[in-house]
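Let's take a walk through this structure together, one neighbourhood at a time. Have a look at the model first, and then read on.

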Amino acid sequence: MKQTILVTGGTGFIGSHTTVELIEAGYEVVIVDNLSNSKIEVLDGIEKITGVRPAFEQVDLRDFDATEAVFKKYPAIEGIIHFAASKAVGESVEKPLLYYRNNIVSLVNLLELMPKYDVKGIIFSSSCTVYGQPSKENLPVTEAAPIQKALSPYGNTKQINEEIIHDYVHSGAKIKSIILRYFNPIGAHPSALIGELPNGVPMNLIPFVTQTAIGVRKQLKIFGNDYNTPDGTCIRDYIYVVDLAKAHVKAMQRVLDLETEPVEIFNIGTGKGISTLEVVEGFEKATGVKVNWEYAPRREGDIEKVWGNVDKANKVLGWKADTPLEDVLLSAWKWQLKLREDGIM
C-alpha cells in the first residue's frame, strides 16, 4: 500500500516540486496550504506533470482544530514535509510577530498532533541562514559548523524551530525528524508547468534576472563588487529546485523505512560556490538573452560568501545535486516565458 505524506505549503515553490517528486516516487500526497503566498492553480500543473491530482485542504496551520481535522480526515498520514512558513527576510524585520506566530505556532501544532495520529516522521525545511557568515576555516560549511546569531526574525524562526524539534524528541516523543538546511533554491520544473510565482518585487537573484531579461524590470543591480571573492561579487551555493525536491524524497524514505537516529541534519546544496556575476553571465550564455545590469553599493545584511559541504547528504542519503547550472538557468527562463504567455508577467 502507498504511504501517505502530508506536505504543508505544498502549492508553494519548493512544496509543489517536492509533491511532484513524491507522487512520481509512488507516494500518496495530501497538501495543506492557506494560499497566502501561492495559488490553487498550482494543482493543475502538478496534475499535468504527474497525471495525479493530490488531495488538497485549505487550512491555516496556526489553527489547531483545523489542523487536527486534516489528520482525522486522512488517518493514513505517516510522514510530514513541513514547508509552510513566511519567508521574506525584509518583511520579517518589519513584522517580527507575524513571523514568530506563523512559523513557530504551525510547527508546534504539527508536532503535538503527530504522536496522537501515529505520524512517524517530519522533514523540516530549514536554511543555511543558521550558519550566518561562516569563518574562513568553516568554508565549505558542514553540519557541525557553529550556529550564528540570526540576522533576521525569519532566520531566527528557523533556528528556534530546529531547537523545538530537538527538545520535543529529547522529551521522549515517539517521532523522528530530518532537518534539511537548504542553500539557495533556483530554477523551475523542466516542463515549465510549475515554478516560483512572482509576488511583488523579487528579493532573490534569479527571478530578478529573468524579469529584467524579459523587460518587467528595467535594470538588475549587483550589490557590491568589492567583496573578498575572485570577481568581487557575493558567492552562494545555488541548488536546482528539482534536485532539492528529490532530497526530500530520500529523506522521507530514510525517516519512514530505516532505523536511524531520532533527529538528523543534512546540508542540501551543490557543494560549489558561484558568484552573482557568474550567475548573470551564465544566464546570458544559456539563453542568449542579454541582461541590463550594473553594479550598486553593497546591501546591508548580505553575507559575503557561503556554500555547503554536502558530503553527508551524498553519502548517507544517497542523494546528489547533479543538474548543470546552464540547464537550471534555462529552466528559469522557460518558466518566465510561460508566465508571460499566461499573462501573469
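This is a predicted model: local features need pLDDT of at least 70, side-chain atom pairs count only at pLDDT 80 or more; totals for chains, interfaces and linings use all residues.

Now for the overall picture. The protein has 11 helices and 13 strands; these are DSSP runs numbered from the N terminus, with helices being H or I of at least four residues and strands being E of at least two. Its radius of gyration is 19 Å, close to the 20 Å that the globule rule gives for 345 residues, so the protein is as compact as a globular protein of that length. Here the radius is taken over C-alpha atoms, and the rule is 2.2 Å times the number of residues to the power 0.38. The C-alpha trace spans about 55 × 45 × 40 Å along the principal axes. Of the 345 residues, 55% are buried (buried means under 20% relative accessible area, exposed over 50%, partly exposed in between, with a 1.4 Å probe and protein chains only).

Let's return to helix 3. Thr 67, Glu 68, Val 70 and Phe 71 are its buried residues to look for. They cover an arc of only 145 degrees around the axis, which puts them on the same side of helix 3; the arc is that of the directions from the helix axis to the C-beta atoms. The face turned away from this buried side carries the exposed residues Asp 65, Lys 72 and Lys 73. The buried residues of helix 3 pack against strand 1, strand 2, strand 3, strand 4 and helix 5.

Next come the aromatic rings. The whole structure holds three aromatic pairs (ring centres of Phe, Tyr and Trp, the last by its six-membered ring, within 6.5 Å; planes under 30 degrees apart are stacked, over 60 edge-to-face, the rest tilted). One of them joins Phe 71 and Tyr 117, stacked at 5.8 Å centre to centre with 25 degrees between the planes. Phe 71 lies in helix 3 and Tyr 117 in the loop between helix 5 and strand 5, so the pair ties together parts that are 46 residues apart in sequence. Both Phe 71 and Tyr 117 are buried. Another pair, Phe 283 and Trp 333, is edge-to-face, at 5.7 Å and 85 degrees. This pair links helix 9 with helix 11, 50 residues apart.

Finally, visit Ser 38, in the loop between strand 2 and helix 2. Its relative accessibility is 11%, so Ser 38 counts as buried. The side chain of Ser 38 makes a polar contact of 2.7 Å with that of Thr 11 and another of 3.4 Å with that of Asp 33. A polar contact is a pair of N or O atoms within 3.5 Å; within protein, one must be able to donate a hydrogen and the other to accept it, and residues adjacent in sequence count only if both atoms are side-chain atoms.

Methods
Residues are numbered from 1 along each chain as its sequence is written. Side-chain values use heavy atoms; hydrogens and water are left out. Contact means heavy atoms within 4.5 Å.
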